[in-house]
Amino acid sequence: MLEFQSASLSYGATVALDSIDLTIRSGEQVCLIGPSGAGKSSLLGLCNGRVPATSGKVVLNDQNLGELKGKALKEVRSGIAWVPQDLGLIPNLRVSQNVACGLAARKGFWGLMRSLLLMGKAEKERVSGLLKRVGIEEKIFSRVDHLSGGQRQRVAIARALYQEPQMILADEPVSAVDPERAKSLVELLTTIAREEKMTLVMSLHDVDLAQRYFDRVIGMRAGRVVLDGSPDDAGVKELYRLDQ
Amino acid sequence: MRRRWFFLGAIALFFWGLWVLEVRPGQLIPSEGGREAAGDFLSAAFQPALDYEELDMRGGEVSFLGKIGKALWLTVRYAVVAMSLAFVIGVIGGVLGSRAWWSKPNLFLQVLRIGTRLLATAIRSVHELMWALLFLSAVGTSPLVAILAMALPYGGTLAKVFSELLDESESSAGAVIRASGGSGTTAFFAGVVTKALPDLATYALYRLECAVRSSAVLGFVGIPTIGYEIKTAYEDGHYHEIWSYVYALLIVVVLFEAWGAKVRGLLTKGTPSRVGEEKGQSLSELWQGRGRSWFLRFSVATLTVGIAAGWMAEDRWGAGVGWEQREKNLDRFTDEMVPYPVREADGDWSVFGSWFSEKMSDGGAVALWRTFHVGTTAILLAGGLSLIGILFAARTLAASNPRGVRDGGSKIRGLLGMFLRGASMLARAMPEYILAFLLLRVFGPTYWVLIFALAIHNGGILLRLGAEVIDNTKSQASEVILAQGGNRSSAYLAAMMPAGFNRLVLFLFYRWESCIREATVLGMLGVASLGFLISDAKVAFFYDEMILWVGLGAALVFVGDLTSDFVRGKLRTVE
């Protein structure tokens, strides 16, 4: 369970998040919506302790993320996968090597270097299985910069899954693809997260996708939560309309 | 408006430089005796020697072609071995100097990082020829001197550029690894270094091409590379042999450049898979058909073997003079590198100031000033000529349908473009020092020679880079001009050059720092500038003066480097 207790985040005089109180239960599929600058990425940054709250607390399974350091913080992070907006892939490496980076915490430095240089047969098979699940198993040995935008997003999802996380944080991962591809990717990610009973927190601009695939929609504006409810909530469309 | 001021400033600086250097067009006409010698020298270019010019030389153990081969082998070997050492220096310095490595630095680590970068810049500010002279003076001749003389400045250059490339490669890939619990070291190597790898390898290969040229030039201070054979052939009056060595060197450098370009392309773009990558294929089928380049593998293997062979082929790295003599040389050098009045005053450094002032007013300041102007005037000439050349050399302008607009013009322009691109390749391949050495034979000891040598080499580089900029610049305005009946010159001057202007200026500054660096040593050929003072002091065994002039040259290059870095940084932010 992830709890925000009056969590605020400021960058100098700029307030990115203003006293957020939220609880996200394990296995929940949560979508963050709101205009650019609403604080969605900042909220995701607090979820895995990438950014510490300037006041208040973010508590994950009874552990205050702001107080964790060193090994303990790494331990917690190894259970949370993050898919940033630009996907964070290494373009000149093969798909298999990029996916292997998902296990950086467990493998350690030398283990990861070994995977990058001489990946064993068993690991190749595991990676291949994951890629099959996201629909691009035939691209396992392609360089990432030879792939289309949609295929790259699937690689980023496979890397997140390889980590075997309890929670996936995805920051507008479909912002750079056409609506049809965006739909299939969101469907894929939510389906896998449900099957694996993972918590999924994803920020999106598309309110239709939010309503269609998620259990819960959180609307944000100017660093505050302005809506928190089920996808069928009438306020969701209202928020969307006001933002246009 | 800014462009106009830039051009006016550049023209003013160019003519100011000519005035400071007191050069006149009349100096380009050799005297009658000089004309004859220059004629003999130039005509020999069309008849390079295939055998020794003097019959009694044929009795030697090695044929002339064998001698060329041996000189080339040594040139390439010293370059490869020196680069392998420079690469290690570059990697260590590059990582320590990179912001990406120190994710959350405290004040001490910040100082360490900036200190590493400044040290790298300082080491590269001393030209490899100067390092060679310093080592030769300190310990005497040996193959190791050649290696160290190249490895130090090249290591400094690699460290500086590597740290910049690593910083540019910092991206969310490393952040994702850290965010998923990976350590900072793992995130740096897996997320930053792997991403930067093609750029790091590309730059190292480019420096290897430069090292081959530098290795040749080291021959002029007694290292047995091809430059040594060129110098000896000149001293013996064997002009035909000189050209044979020059052509052989050109062929090797051009081959290195072509090989480097092919490897760079493969590293950057990768190789597509050889199978259709269809669903249902087994893992082993996909693995067998993965994109891989045999050329790249062969190149890596050859380079590895080449480095190992380069180190192992020399069984006497310290050869030349005995160790006892070396110790004596080193003692003398370290004693005498202390300024003479300081030595006389039993180590009292308070007298240094008056000695320094005396040396500066006794020719040092003038030499420094002239060295600056040689480099600056040369790069402005190179820039001006390349701006004109780009109009004919850029592929998109030289094509029969410029910028895709049907023109129906003759093919002469295309041929001229090909000729210019070929000429620029040869100009790039020829080391400035050897070019100046050859031009001295034609024009005699005048500053024109230094300016021309630098301008030809750097003009070749700027022409290539500039033509690529123009070819890659998206400019619909140029297409409109051409479609409305305008000619290529109008499209180039009115649309394409303004669009690519910042990048062209960026390259000009990048080469300016290199010109200043080269200008500090060209005087060693006998034209009064810093290099002249250095070789003069070396011949007279005035090590204190030698160190002073080397230090001044390094300071000039250091300031030039920082200025160029600053201007290029500004230009990048404007872009």
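This is a predicted model: local features need pLDDT of at least 70, side-chain atom pairs count only at pLDDT 80 or more; totals for chains, interfaces and linings use all residues.
Chain A has an open sheet of 6 strands, and the order is β6-β7-β8-β3-β9-β10. The pairing is mixed. At the edges stand β6 and β10 of chain A, the latter covering residues 224-229. Each of these has a single partner strand, so one side of each has no neighbour in the sheet. From one strand to the next, the twist averages 15°.

Now the β10 end. Strand β9(A), residues 216-221, runs antiparallel to β10(A), and 5 bridges join the two. Within that pairing, A:Gly219 stands opposite A:Leu227 of β10(A).

Which residues are involved, and how many from each chain? On chain A there are 36 residues in contact with 32 residues of chain B. Elements of chain A that each supply at least two residues to the side touching chain B are α2 (70-77), β6 (80-83), α4 (104-117) and α5 (121-134). The largest share comes from α4(A), with 6 residues. By class, this side of chain A has 15 nonpolar, 12 charged and 9 polar residues.

One last point on β6(A): this strand stands at an edge of the sheet, and it also supplies at least two residues to the side of chain A that touches chain B.

Notes. Residues are numbered from 1 along each chain as its sequence is written. Chains are lettered from A and ligands numbered from 1 in the order in which they are written. Two residues are in contact if their C-beta atoms, placed from the backbone, lie within 7 Å. Helices (H or I, at least four residues) and strands (E, at least two) are DSSP runs, numbered from the N terminus. Ala, Val, Leu, Ile, Met, Phe, Trp, Tyr, Cys and Pro count as nonpolar, Asp, Glu, Lys and Arg as charged, and the others, Gly among them, as polar. Two strands pair if DSSP finds at least two bridges between them. Axes are lines fitted to C-alpha atoms, for helices over the stretch in contact, and angles run from 0 to 180 degrees between N-to-C directions.
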